[in-house]
Amino acid sequence: MQIATVLWLVLFCFAEFCNVIKQQISEKARKSQACNEHPHYLGQAGYAGKKAKWIIEGHSSSTILPGGPVLDRSIDWILARSKKGTDGNYVIPNEKTKMVADKMVRLVSMCLIALHVLNRK
């Protein structure tokens, strides 16, 4: 065999090996994602990319709440797990996530009321 043929065969086998490894990793990630109770819909943009979009749309916690990082993160968490409906409003498709989001909204509301009361004194 010529060296070029052997080299081509080695590269071909390596490429096939890499494809098998990629498929195994992808399958493992798919199984892991199926176990997620509160799936997010951020895509490749992640929080950084989506937060900019939410601010432009007026949905981000930065434009809603003056209450600090904890309140910031809770609203972003809810938005990350929401999908945009046909009417343009965000909808949470997962029932368990809806329950958690409702609790977060109640807690954020209570915190805002407490902040308001403290600021009045």
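**Talking through the model**

Analyst: Happy to. Keep in mind that this is a predicted model. To start with the surface, the protein exposes about 9,400 Å², and carbon and sulfur atoms supply 64% of that.

User: How many helices and strands does the protein have?

Analyst: Five helices and two strands. Going from the N terminus, the order is α-α-α-α-β-β-α.

User: And what share of the 121 residues is buried?

Analyst: Buried residues come to 18% of the 121. As for contacts, take those between residues at least 6 apart in sequence: 50% of them join residues at least 24 apart.

User: Which residues make up the largest nonpolar core?

Analyst: There are five: Leu42, Trp54, Ile75, Leu79 and Ala80. Helix H4, residues 69-80, gives the largest share of this core, with three residues. In soluble globular proteins, nonpolar side chains tend to be buried together.

User: What does leucine 42 touch?

Analyst: Leaving out residues up to four places away in sequence, leucine 42 touches Tyr47, Lys50, Trp54 and Ala80. Trp54 and Ala80 are also listed in that core.

User: Switching topic to charges. How many salt bridges are there?

Analyst: The count comes to five. One of them pairs glutamate 27 with arginine 30, at 2.9 Å from N to O. Both residues lie in helix H1 (residues 3-34), three residues apart, or about one turn of the helix.

User: Which salt bridge does lysine 96 form, and where are its two residues?

Analyst: The side chain of lysine 96 meets that of glutamate 37 at 3.9 Å, N to O. Their pair links distant parts of the chain: lysine 96 is in helix H5 (residues 95-120), glutamate 37 is in the loop between H1 and helix H2 (46-57), and they are 59 residues apart. Lysine 96 is partly exposed at 47% relative accessible area, and glutamate 37 is partly exposed at 47% too.

User: What does glutamate 57 pair with?

Analyst: Lysine 84, in a salt bridge of 2.8 Å from N to O. Glutamate 57 lies in helix H2 and lysine 84 in strand S1, so this pair ties together parts that are 27 residues apart in sequence. Glutamate 57 is partly exposed, with a relative accessible area of 28%, and lysine 84 is partly exposed at 45%.

User: OK, on to arginine 81. Where is arginine 81 found?

Analyst: Arginine 81 is in the loop between H4 and strand S1 (83-84).

User: Which backbone oxygens does the side chain of arginine 81 reach?

Analyst: The side chain of arginine 81 reaches the backbone oxygen of histidine 38 at 3.1 Å, and the backbone oxygen of tryptophan 77 at 3.3 Å. Setting aside neighbours within four places in sequence, arginine 81 is in contact with His38, Pro39, His40, Tyr41, Tyr47, Ile92, Pro93 and Thr97.

User: And serine 82, is that buried or exposed, and why?

Analyst: Serine 82 is buried because its relative accessible area is 7%. Serine 82 is also in the loop between H4 and S1, and its side chain reaches the backbone oxygen of isoleucine 78 at 2.7 Å. Not counting residues up to four places away in sequence, serine 82 touches Tyr41, Tyr90, Val91 and Ile92.

User: Where does isoleucine 92 lie?

Analyst: In the loop between strand S2 (90-91) and H5. Isoleucine 92 is buried, with a relative accessible area of 14%.

User: How far apart are isoleucine 92 and serine 82?

Analyst: They are ten residues apart in sequence and 4.4 Å apart in space, C-alpha to C-alpha. Beyond neighbours within four places in sequence, the contacts of isoleucine 92 are Ile78, Arg81, Ser82, Thr97, Lys98 and Ala101.

Conventions:
Residues are numbered from 1 along each chain as its sequence is written. This is a predicted model: local features need pLDDT of at least 70, side-chain atom pairs count only at pLDDT 80 or more; totals for chains, interfaces and linings use all residues. Side-chain values use heavy atoms; hydrogens and water are left out. Helices (H or I, at least four residues) and strands (E, at least two) are DSSP runs, numbered from the N terminus. Buried means under 20% relative accessible area, exposed over 50%, partly exposed in between (1.4 Å probe, protein chains only). Contact means heavy atoms within 4.5 Å. Accessible areas come from the Shrake-Rupley method with a 1.4 Å probe; for residues, only the protein chains shown count as cover. A nonpolar core is a set of buried Ala, Val, Leu, Ile, Met, Phe, Trp, Tyr and Cys residues joined through side-chain atoms within 4.5 Å. A polar contact is a pair of N or O atoms within 3.5 Å; within protein, one must be able to donate a hydrogen and the other to accept it, and residues adjacent in sequence count only if both atoms are side-chain atoms. A salt bridge is a side-chain nitrogen of Lys or Arg within 4 Å of a carboxyl oxygen of Asp or Glu.
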